[in-house]
Amino acid sequence: MPGMRIIKRQEPLGWRSCLVLLVAIGFSLALGGGLLLVRGVDPVAAMGTLFVGAFGSRYGIEDSALKAIPIFLCSLGVALAFRLRVWNIGAEGQYALGAIGASWLPVAMPDLPAYLLLPSMITMAVVAGGMWGAIPAFFRQKMRTNEIIVTLMMNYIAISLLDYMVYGPWKDPASYGFPMTATFPPAAVVGKIGTTAYSWGLVHAFVLAVLIWVFTTYTRLGYEIKVGGANVRAARYAGIPYDRLVIGVMFLSGALAGWAGFLEASSTLNRLQPSIMANYGYTAIVVAWLARLNPFYIAVASFLLAGLRVGVESLQLDMQVPAAFGLIIEGLVLLSVLAGGFFTTYRVTRR
Amino acid sequence: MDIAILIPLLAATVQSGTPILYATLGEIITERSGVLNLGVEGIMIVGALTGFVVSLTTGNPWLAFFAAGAAGCLMAAVHGVVVLLFLGNQVVSGLAITIFGLGLANYFGTPFVGQAAPGFDPFALPILGNIPALGEIFFRHDVLVYISYLLPLAIWLFLYVTRIGLNLRATGEAPVAARAAGIGVVAYRWLGIIMGGFCMGCGGAYLSLAYTHLWTNNLTGGRGWIAVALVIFSFWRPQRAVFGAYLFGGIMAVQLRLQASGTTIPSSLLLMLPYTLTIAVLVFSSWRRGSTGEPAALGTTIEPRQ
């Protein structure tokens, strides 16, 4: 721009980067309000409904927390891959495979005892989701394919596979033609904590997050991820088996999404059905990037974006605003935060 | 296979390959300037909706077609603002554009679901349309298909013969050297993004104005992503994009025919075909040594002048 000079900052922006984030979110909400106005909806009232719907009642908070679990786990996995600079866009499909894997045993052998059923469901989900992540990583390292496209295509394949299972071999004969498996036996269900409405899935998510945090902070592998993400050639030179690292991390990334799929099938729906696919895997990417791949911020951002989903549901009910409004906000927030990142690395001065 | 089945199938191949061809060519122009735009899917669907709504309200398909292209430019310009003005990450910005675009199209398109708008109807080209077999396959389509026959050549001429195209490619290969040679590299990246966005928007418009004359949510169904993959398959060359696009058009046409014929293969398995093929094609075209034609500076950020 004429008369302006862009200079790289010498020191990090510090607390003011929070300000940038807030301005970016405010900007996207304002744009979203403009879009509501176009459809003749009062934006102030709508934003109120959205916020109250998400966080203004016990039910809203419970629902937001419930929806935050799959987003959080998928995002944790996605962030792991992103840290290695591997673009895993496939959390959606890995989540689907996790749900399919987890549903196999309760459909095929519903009479197994709980102590066998639940652990094997988790194992199946982790292996299926992990493989769905490892395959594109293998192609990337051995055939130099672009992992963005392969992971994305595998999302579409996974969703079709899930549809095939519930419309075909796993369809419950007693479902009156609806595409769904039979309800899982109680032994296959991750229940609620005590008398609360919160699922034990919340505890799963917390424990997994701690494990991942310890793993990335204190183990050699975590260090290797950091080096591999910063500089591939340096990592190879230092003797890090980069190919195996990428495939292993992608397996882990997919496994976390797969675990999310297991929880959703077991705890939330108690069966496998097409509605299990709710774009959590894509929201997870937005979350990971907003949280700058930090596990704690990922938890916060997951809860907020889950809240956005819940809020948009009440917006849909009360004001007939299409649910796609949530997608618009997600996209806008990501775009403006991305643009706002400029101010954390550069400053603009007069020439 | 019976020739009476084969010829309509090949004609359908051309038809379903056309939107992918428009989008692939758009992405080729953009990537040749060094910018990766993963927003194709979102840009296409916004183009599709814009075209549909303009056609429905004005009754003028041509106006609708260009409006769709303009909408594509606008969406692509958002990507440009984020990655060129604010130096944001191109991969993430593209994903955000896709999410944003799908959201916009569903948000504004919901009231139009199931409605029909006037669009482009097929007509036989004089003389060419009467050639046996070939005429039926290639020359009895709508005008947008005929435009798509000329487009790869036009883009090839633009990229390889004109000075502007040369500068655009230089920006994609070696922006620092290009800047030292006095080329306004940021301006050329803008050009690549905007021209590409126009083609993507037109590809979307083909879906709503010619392929179907109806509006449905998720009309693009992953075609934008297939286009991104086809750029790699084409080795960033417009002439090769034609083969890729028709390959996918073919598999989609076969899938639709099989579904319509009441085959015993479940439709959900048939739906996997184009996506599985994309992976296969990608593995096939990446698995070779030597240059693929990928612009050397693809996806890089141009640092501002200090």
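This briefing walks through selected features of a two-chain model, topic by topic.

The model is predicted: local features need pLDDT of at least 70, side-chain atom pairs count only at pLDDT 80 or more, and totals for chains, interfaces and linings use all residues. Residues are numbered from 1 along each chain as its sequence is written, while chains are lettered from A and ligands numbered from 1 in the order in which they are written. Helices (H or I, at least four residues) and strands (E, at least two) are DSSP runs, numbered from the N terminus.

**Where chain A touches chain B**

- The contact takes 38 residues from chain A and 40 residues from chain B. Two residues are in contact if their C-beta atoms, placed from the backbone, lie within 7 Å.
- On the chain A side, the elements giving two or more residues are helix 5 (114-143), helix 6 (147-167), helix 11 (280-290) and helix 13.
- Helix 13 of chain A gives the most, with 13 residues.
- By class, this side of chain A has 29 nonpolar, six polar and three charged residues. Ala, Val, Leu, Ile, Met, Phe, Trp, Tyr, Cys and Pro count as nonpolar, Asp, Glu, Lys and Arg as charged, and the others, Gly among them, as polar.

**Two crossing helices in chain A**

- The axes of helix 8 (residues 220-230) and helix 10 (residues 242-269) of chain A come within 11 Å and cross at roughly 110°. Axes are lines fitted to C-alpha atoms, for helices over the stretch in contact, and angles run from 0 to 180 degrees between N-to-C directions.
- Helix 8 of chain A is therefore roughly perpendicular to helix 10 of chain A. That label covers angles of 65 to 115 degrees; under 35 is roughly parallel, over 145 roughly antiparallel, and the rest oblique.
- A:Glu224, A:Ile225 and A:Gly228 in helix 8 meet A:Tyr242, A:Leu245 and A:Val249 in helix 10.
- This contact has four nonpolar, one polar and one charged residues.

**A strand pair in chain A**

- Strand 1 (residues 4-8) and strand 2 of chain A pair in the antiparallel sense over five bridges. Pairing requires that DSSP finds at least two bridges between two strands.
- A:Met4 stands opposite A:Arg350, and A:Ile6 stands opposite A:Val348.
- A residue is buried if 20 or more other C-beta atoms lie within 10 Å of its own, exposed if 12 or fewer, and partly exposed in between, with C-beta atoms placed from the backbone.

**Positive phi in chain A loops**

- A:Arg85 is not a glycine, yet has a positive phi of about 60°. A:Arg85 lies in the loop between helix 3 (58-83) and helix 4 (91-108) of chain A.
- A:Arg85 counts as partly exposed because it has 14 C-beta neighbours inside 10 Å.
- A:Gln320 has a positive phi near 55°. Its place is the loop between helix 12 (295-319) and helix 13 (324-345) of chain A.
- A:Gln320 is exposed, with 10 other C-beta atoms within 10 Å.

**A buried loop residue in chain B**

- B:Asn37 lies in the loop between helix 1 (3-32) and helix 2 (40-58) of chain B.
- With 31 C-beta neighbours inside 10 Å, B:Asn37 counts as buried.
- Not counting residues up to four places away in sequence, B:Asn37 touches residues including B:Glu27, B:His79 and B:Ile193.
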